[in-house]
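Please consider the sequence and the three-dimensional structure shown below. The text after them leads through the chain step by step.

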Amino acid sequence: MVANGGSALDRKQLVASALAKHFALDHNALIGENTECDFKTYVLNILKASRNGASVDDNDEVTKWITFSDSFPVDSKACFEVLKQLNEELVQKSVLLGNGLKPSEADVIVFSILHAAVIGLSKAEKEKLPHVLRWIDYIQNKENFEELFQKILLEKSDFDPPLQGTKVVANNVDENSNAKKSLQSTKVPDKPKVNTDAKKADAGKKEKEKKEAAPEKKKPVETETTDKEKEVSVSLLNIRVGLIRKAWKHPSADSLLVEEIDVGEPKLRQVVSGLAKYCSPEELTNRGVVLITNVKPGKLRDVMSEGLVLCASNEDHTVVEPLLPPEGAKIGEQISFSGVDGKPEDVLNPKKKQLEKITPHLFTDDKGVATFKGIPFMTSSGPCTSSISKASIK
């Protein structure tokens, strides 16, 4: 099991072991025997060896996180202060470096150094570091580190999927119908009026007899239920795998970004998303996304938008990230849902509020898998996911 990572040598060995697992390389062949050099040089040599001699000295971001790891304090109080700074860094990020499809070298290095500090935190301290804990959980579930690091167990709130409204409607119809019949059968007949109103009483009695004799019109409960199920079926949506080729800030809205997304069509789709608070254009460029392509095109602050990027969000909406298609999923591939049949609408009708009826049933499960009523978003290479578990999807 993992060492404590206290000494410089311990830290080198931890990082070397983790990188060997990350690159699926032989541990001894990767680290060699040169452990006398400083931490930064040692780690850079490992990365160089893993890349068949290619230098990483010019990669400023990787070097930055190596320096961060080298300077990470041993004192528990100082550790917590640095972790709070890292928590702020991760507010708008799913990973430290890269597009989030898998942990980067920087994520593996920093995880190796932070693990011992994070696993020793108290419950109260962990509650103050939600983004660090989210990131830790993502890395330890994406990498095969069971032999190196003890898994950090997190307390996650239970999530109950919303009830299927169509069944409730059908039951209510049956209950109301039965109640109406019961009321009719127990209704006390009116007392006859005095002789001066005899004609009116006779007329009313005849009218009542006609109504009772006429067959009662029953509502087509099954048809109504089927129609309502269709209204909230995810099959109405044309959801496809996309790749953001370019992203930039909206010219007149600080909270919006504009992306050009490849969904396998001759022309790239331009999409406006409210992601500026959570992602930078650089982080989105060349990132895989999951896109609804049959929303009605329209302008957002004078910029045309031709789709909707589906994003996972935590409960208080402080962390938002686009869903990730699995590595190997084909650009333009349509997302499928096991057991859900139906043809997507050519264009969703905003007046019918179809999207608003479907999105309450979209959420990630406890493993971060994107689902509709618990049915995974599937591609030929596996399910679409998010680093945010038990999240809403919109």
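The model examined here is a predicted one. Its protein chain contains 13 helices and 15 strands. The chain comprises 394 residues, of which 41% count as buried. With regard to contacts between residues at least 6 apart in sequence, 68% join residues that are at least 24 apart. The chain exposes about 22,600 Å², and carbon and sulfur atoms supply 51% of that area.

The structure holds six of them. One of these joins Lys 21 to Glu 147, with the closest N and O atoms 3.3 Å apart. This pair links distant parts of the chain: Lys 21 belongs to helix α1 (residues 8–23), whereas Glu 147 is in the loop between α8 (130–142) and α9 (165–186), and the two are 126 residues apart. How accessible are the two partners? Lys 21 counts as partly exposed because its relative accessibility is 30%, and Glu 147 counts as exposed because its relative accessibility is 61%.

A further salt bridge is formed by the side chains of Arg 245 and Asp 262, at 2.9 Å from N to O. Here the link runs between two strands, Arg 245 being in β1 (residues 239–249) and Asp 262 in β2 (residues 257–262), 17 residues apart. Arg 245 has a relative accessible area of 38% and is therefore partly exposed. Asp 262, by contrast, has a relative accessible area of 13% and is therefore buried. The side chains of Arg 269 and Glu 265 also meet in a salt bridge, again with an N to O distance of 2.9 Å. In this pair Arg 269 counts as buried, at 16% relative accessibility, while Glu 265 counts as partly exposed, at 34%.

Attention may now turn to empty space. Rolling a probe the size of a water molecule over the atoms shows where such space is left. The second largest pocket has a volume of about 630 Å³. It is lined by 29 residues, and those closest to its centre are Val 272, Leu 308, Val 309, Leu 355 and Lys 394. Which elements each supply at least two residues of this lining? They are the strands β3 (269–273), β5 (298–300), β7 (308–309), β8 and β15 (392–393), together with helix α13 (354–358). The largest share, three residues, comes from α13. By class, the lining consists of 15 nonpolar, 10 polar and four charged residues.

Gly 307 is found in the loop between β6 (303–305) and β7, and β7 is one of the elements that supply the pocket lining. Is Gly 307 buried or exposed? At 7% relative accessibility, Gly 307 falls under the 20% limit and so counts as buried. Apart from its neighbours within four places in sequence, Gly 307 is in contact with Val 271, Leu 291, Ile 292 and Val 295. His 131 provides another example, located in helix α8. Its relative accessibility of 8% is the reason why His 131 counts as buried. Leaving aside neighbours within four places in sequence, His 131 is in contact with Asn 87, Leu 90, Val 91, Thr 318 and Val 319.

The backbone deserves a final paragraph. Most residues other than glycine have a negative phi. Asn 286, which is not a glycine, has a positive phi of about 65 degrees. Asn 286 is situated in the loop between α12 (281–284) and β4 (288–292), and it counts as partly exposed because its relative accessibility is 46%. His 317 likewise has a positive phi, near 60 degrees. The loop that holds His 317 runs between β8 (311–313) and β9 (320–322). With a relative accessible area of 46%, His 317 is partly exposed.

Note on methods:
Residues are numbered from 1 along each chain as its sequence is written. This is a predicted model: local features need pLDDT of at least 70, side-chain atom pairs count only at pLDDT 80 or more; totals for chains, interfaces and linings use all residues. Side-chain values use heavy atoms; hydrogens and water are left out. Helices (H or I, at least four residues) and strands (E, at least two) are DSSP runs, numbered from the N terminus. Buried means under 20% relative accessible area, exposed over 50%, partly exposed in between (1.4 Å probe, protein chains only). Contact means heavy atoms within 4.5 Å. Accessible areas come from the Shrake-Rupley method with a 1.4 Å probe; for residues, only the protein chains shown count as cover. On a 1 Å grid over the protein atoms alone, a cavity is a set of points where a 1.4 Å probe fits but cannot get out, and a pocket is an open set with protein on both sides within 12 Å along at least five of seven lines; lining residues have an atom within 4 Å of a point. Grid points are joined across faces, edges and corners, and a volume is the space filled by probe spheres set on the points. Ala, Val, Leu, Ile, Met, Phe, Trp, Tyr, Cys and Pro count as nonpolar, Asp, Glu, Lys and Arg as charged, and the others, Gly among them, as polar. A salt bridge is a side-chain nitrogen of Lys or Arg within 4 Å of a carboxyl oxygen of Asp or Glu.
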